[in-house]
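Hi,

Here is the structure I promised to send over. Have a look at it first, and then read on for my notes.

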Amino acid sequence: MHPAPSVIIFTTFSGFGFGLLFWLGIGMPAPTGWVALVFFAIAYIMSVGGLLASTFHLGHPERAFKAFSQWRSSWLSREGICAVATLLIMAIYGAGLVFFGAQWTVLGWLGALGALLTVFTTSMIYAQLKTVPRWKHWTTPALFLILSIAGGALFSGNIKTAIPLLIIAAALQAFAWFHGDGRFNASGTTMESATGLGHIGKVRAFEPPHTGTNYLMREFIHVVGRKHATQLRIVALVLGFVLPVILLLLGAKHVLGLLAVVSHIAGILALRWLFFAQAEHVVGLYYGKR
Amino acid sequence: MTTLPPPSAKKLGLVIDLDTCVGCHACVISCKGWNTENYGVPLSDQNAYAGAASGTFLNRVHSYEVQPPILKDQPAAPAQLIHFPKSCLHCDDAPCVTVCPTGASYKRVEDGIVLVNEKDCIGCGLCAWACPYGARELDAKEGVMKKCTLCVDRIYNENLPEEDRQPACVRSCPAGARHFGDLGDETSDVSILVAERGGFDLMPEQGTKPTNKYLPPRPKDVEPEYDILAPYLEPIAEDGKGFVSWLDKALSALPGGAK
Ligand code: SF4
Ligand code: SF4
Ligand code: SF4
């Protein structure tokens, strides 16, 4: 799949933003006044910024409100509803902390639940697609959730919880990569099943339907980036998990803490890039590609 | 409404004969011609005359080479070239419809045709991600999703002469490789054709239950090893007699003559 910057930024930062909102919602921490304002501002900049970035790849962003209508069948629609509802609930909860110094616990927990649901619905947009065997697996929602909660723990300063969460997330990511590598072949979709010509013999793409390229090839067939996948995986693991954990163990204050956060963001951006670049869509088979 | 309706009794679709298609792309051009002027926004092209050309098409023809397996003690069968037109298959269990967040994608209750209401489409592209067949293309100029409409604006169009009330691709195919009809009706011409020729689904394992069917190429004839002329072509005696033989020797005896 084409690793579009808008979608990578969207999934990464809205993941962090809603992860931070989750921790704020359950009252870990529950700051008041100015400190609360800063925490909530960071959470909203990341979550709302991420959502806005995702509208950049729409053909008609001005009609985006229509996307709230099909929650009965569409995960994308459900995501939109969960995101807006969570942001509204947490705005009220945040206003309580900032302006009244009051912690409306029930509202906070509701917002925390909404934040998790938002991340889950985002992940299901990808995990539902049978056409991308690498994504259609329980590890996709599991990873989105744990990465969001771990990142949120880091941003909210829950260091003691962040360390084990980061280690679990790294292990799950490694497993998802390892298992995902074999899923296209295991899906049973081949050039022979795509063309129905397998009963005659081995099928080879002889001539594409056009001289140039097309939307499908640009969107679904991304071969270039996969060349350095192994190196990038190592970079993502080191930056995203190993380095932050070491820095946090050294002492989470100030510069080290900031470095841990920056390193984690870079690592997650790298693994999100791989999430898209390494995902192969079955339509590539019609072009003799993966 | 992007939840799927219960399967319709009437299932309009195409049957494409891979044995007959000659890969002329007439169906591609007539499809683009009709659909750029009629239903919805035009099908745009980018850099059409300046290299790196690209454009929106609802029907595309691939070509595949299929190599039959080489069997022991048999001469290798020659590879076959098969032209392969592909457009929306109007699936019964259409994943492109259920993923759509706006309700722009829908499947018609009355005849099973899958359409996009372009006024509601936000151009998110998710339906194209969900289609295993590459049947949907986001138009680069208009930012909305385009797909085969089964020429819904021809097949019911009473302003057209009777013989034109079929999809543009079917009407224009010079080889008769494309057939249009109701695949929900077991007695229809297309259903009978599918039954007789062993029509099949593309990527059945994706569970989309396509309406369109493909007819396999017929088996190639195997030429038996015989030659009716062979007995008459036996070599003629080398030590000939008579005039031709004398001429042969005389010419060979000339300086530079062939021996
Ligand atoms: S072929 Fe693709 S676009 Fe057409 S109905 Fe099936 S899944 Fe949808
Ligand atoms: S591109 Fe348009 S038709 Fe396709 S899923 Fe998005 S809104 Fe629906
Ligand atoms: S017009 Fe007919 S013969 Fe020509 S490419 Fe299309 S299906 Fe094949």
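Searching the whole structure turns up 20 salt bridges over all chains, where a salt bridge is a side-chain nitrogen of Lys or Arg within 4 Å of a carboxyl oxygen of Asp or Glu. One of them joins A:Arg233 to A:Asp181, with the closest N and O atoms 3.0 Å apart. That pair links distant parts of the chain, 52 residues apart: A:Arg233 sits in helix α10 (residues 229–250) of chain A, and A:Asp181 in the loop between α6 (159–180) and α7 (183–186) of chain A. Helices (H or I, at least four residues) and strands (E, at least two) are DSSP runs, numbered from the N terminus.

Before the rest, some housekeeping: this is a predicted model, so local features need pLDDT of at least 70 and side-chain atom pairs count only at pLDDT 80 or more, while totals for chains, interfaces and linings use all residues. Residues are numbered from 1 along each chain as its sequence is written, chains are lettered from A and ligands numbered from 1 in the order in which they are written, and side-chain values use heavy atoms, with hydrogens and water left out.

Now the interface. Chain B puts 60 residues into the contact and chain A 59 residues, contact meaning heavy atoms within 4.5 Å. About 4,600 Å² is buried between chain B and chain A, and carbon and sulfur atoms give 59% of that; buried area here is the accessible area (1.4 Å probe) that two parts lose on being put together, summed over both. On the chain B side, B:Tyr64, B:Ile122 and B:Trp129 supply 17% of the area that chain B buries against chain A, more than any other three residues.

As for polar links, there are 27 residue pairs in polar contact between chain B and chain A (both at pLDDT 80 or more). A polar contact is a pair of N or O atoms within 3.5 Å; within protein, one must be able to donate a hydrogen and the other to accept it, and residues adjacent in sequence count only if both atoms are side-chain atoms. The side of chain B that touches chain A draws at least two residues from each of β4 (59–67), β5 (80–87), α3 (126–130) and β8 (136–138) of chain B. β4(B) gives the largest share, eight residues.

Two salt bridges run between chain B and chain A.

Axes are lines fitted to C-alpha atoms, for helices over the stretch in contact, and angles run from 0 to 180 degrees between N-to-C directions. Five bridges join β1 (residues 202–207) of chain A to β4(B), and eight join β4(B) to β5(B). In β5(B), B:Arg60 has B:Lys86 as its bridge partner.

Chain B also has an open sheet of three strands of its own, ordered β10-β1-β11 with mixed pairing. β10 (178–182) and β11 (213–215) of chain B are at the edges with a single partner strand each, so one side of each is left without a neighbour in the sheet. The twist averages 25° from one strand to the next. β1 (residues 12–17) of chain B and β11(B) pair in the parallel sense over three bridges, and B:Val15 has B:Lys213 as its bridge partner in β11(B). Helix α6 (residues 189–197) of chain B packs on this sheet, touching β1, β10 and β11 of chain B, and its direction makes about 120° with that of β10(B).

The peptide bond from A:Met28 to A:Pro29 is cis, with omega near 5°. B:Ala52 has a positive phi, near 45°, in a residue other than glycine.

Cheers

Technical notes: Pairing = 2+ DSSP bridges.
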